[in-house]
Amino acid sequence: MTTIDIPAGAGENPAARAADDAATTVQVGRSRVHLIHQGAGEPVLFLHGNPDSSEVWSEVIADLRAHHRCIAPDLPGFGHSTAPADFDCSLQGMAAFVDGLVDALGIAQPIHLVVHDFGGPFGLAWAVTHPHKVRSLVIMNTVFASDYRWHLFGRLWRLPVIGELVQALTTAGGFAREMRRGSRKLTRAQIARTYALITPATKRMVLRLYRATDPRNFAGWEDRLRQLTARVPSLVLWAEHDPYIGRHHATRFGTAAVEYVPDSGHWLPAEEPRLVAQRLLRFYAEAAARAT
């Protein structure tokens, strides 16, 4: 396995495009899914985590859309997407949602998958269930390991009643402080945009996801993921200043390459979008060269 430290320095893209420049909606089961859909070429599917939306990928997509068909949905219950009250939050249910999205978009060719945070369980469960649909994998600061221990907020959200109280008592100021603890370089504007999209439905979905996702559920799935990463081009791009997921988890996915970004926190796509975009473009070019 290769590990590389990537120096920070790309910073924010000063010419960021609004996420809804080419936004659309599709029906996936009983969820109405809002997404960014820009560019042409080999498809890249970006899956965000908690408490984000497709907005977290908007500046990365601004740099990739000239080369790839970029798709970033708001996951069910997040951003502008809806979710039924009985949405299946199991790994099988997450995989089924992603596959339904791929079908709804009419994508017949293998996909470059990029996941972060809770987008990891959604996307990686889909990838190991439909390995023939995966062209490559890029994994950022997420968990897919049965021995993981939830961070403090994760443990609180998993508790009945306590989780609801924590969500109800979270203020804009407290939210901003926690986001800054996770990623020190986030701007006030980025945090404000994220907070503005958090609705009561989002808070309910967060609780449902955390309560359904016992790390022990990854037993067996994590082995299948390592089998997949041994066969398809795979990269872990890991921000080191992450108070929620320890650095050692970067090596748990079975990828041949792990690259560390030492000066960034959990929300790497928002902190260093230009760096992420450049690294993705290089990774895709290298994978295409090896395939010829």
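In helix α6, the residues Ala172, Phe175, Ala176, Met179 and Arg180 meet Arg188, Ile191, Thr194 and Tyr195 of helix α7, where contact means heavy atoms within 4.5 Å. By class, this contact of α6 with α7 has six nonpolar, one polar and two charged residues; Ala, Val, Leu, Ile, Met, Phe, Trp, Tyr, Cys and Pro count as nonpolar, Asp, Glu, Lys and Arg as charged, and the others, Gly among them, as polar. The model is a predicted one, in which local features need pLDDT of at least 70 and side-chain atom pairs count only at pLDDT 80 or more, while totals for chains, interfaces and linings use all residues. Residues are numbered from 1 along each chain as its sequence is written, and side-chain values use heavy atoms, with hydrogens and water left out.

## Helix packing

Helices (H or I, at least four residues) and strands (E, at least two) are DSSP runs, numbered from the N terminus. The axes of α6 and α7 lie 10 Å apart and the two helices pack at an angle of about 120°, which makes α6 oblique to α7. Axes here are lines fitted to C-alpha atoms, for helices over the stretch in contact, and angles run from 0 to 180 degrees between N-to-C directions. Angles under 35 degrees count as roughly parallel, over 145 as roughly antiparallel, 65 to 115 as roughly perpendicular and the rest as oblique. The crossing in which α6 passes α7 is right-handed; a crossing is left-handed if the near helix is turned anticlockwise from the far one by less than a right angle, and right-handed if clockwise.

A second pair is formed by α3 (residues 119–129) and α9 (residues 221–229), which pack at an angle of about 70° with their axes 9 Å apart. That angle makes α3 roughly perpendicular to α9, and the crossing of these two helices is left-handed. On the α3 side, Leu124, Ala125, Ala127, Val128 and Thr129 take part, and they meet Trp221, Arg224, Leu225 and Leu228 in α9. Seven nonpolar, one polar and one charged residues make up this contact of α3 with α9.

## Cavities and pockets

On a 1 Å grid over the protein atoms alone, a cavity is a set of points where a 1.4 Å probe fits but cannot get out, and a pocket is an open set with protein on both sides within 12 Å along at least five of seven lines; lining residues have an atom within 4 Å of a point. Grid points are joined across faces, edges and corners, and a volume is the space filled by probe spheres set on the points. A search of the whole structure finds two cavities of 30 Å³ or more.

| Space | Volume |
|---|---|
| Largest cavity | about 220 Å³ |
| Second largest cavity | about 130 Å³ |
| Largest pocket | about 430 Å³ |
| Second largest pocket | about 230 Å³ |

The largest cavity is lined by 21 residues, with Glu55, Val56, Gln190, Thr194 and Ala270 nearest its centre. Thr194 is also one of the α7 residues that meet α6. At least two residues of this lining come from each of α1 (58–64), α7 (188–196) and α10 (268–271), and α7 gives the largest share, four residues. The lining of the largest cavity divides into eleven nonpolar, six polar and four charged residues.

For the second largest cavity, the lining consists of 15 residues, of which Asp117, Phe118, Val143, Trp150 and Ile245 lie nearest the centre; by class, ten are nonpolar, four polar and one charged. Asp117 sits in the loop between β6 (111–116) and α3, and its phi is near 55°, a positive value in a residue other than glycine.

The largest pocket has 24 lining residues, and Asn50, Pro51, Trp157, Phe175 and Glu178 are those nearest its centre. The helices α4 (152–157), α5 (162–169), α6 (172–182) and α8 (200–212) each supply at least two residues of this lining, which has 13 nonpolar, eight polar and three charged residues. Between Asn50 and Pro51 the peptide bond is cis, with omega near 5°, and Pro51 is found in the loop between β4 (43–47) and α1.

Around the second largest pocket there are 13 lining residues, of which Glu42, His112, Tyr284, Ala287 and Ala288 lie nearest its centre. Both β7 (134–140) and α11 (273–291) supply at least two residues, and the largest share, six residues, comes from α11. Seven nonpolar, four polar and two charged residues form the lining of the second largest pocket.
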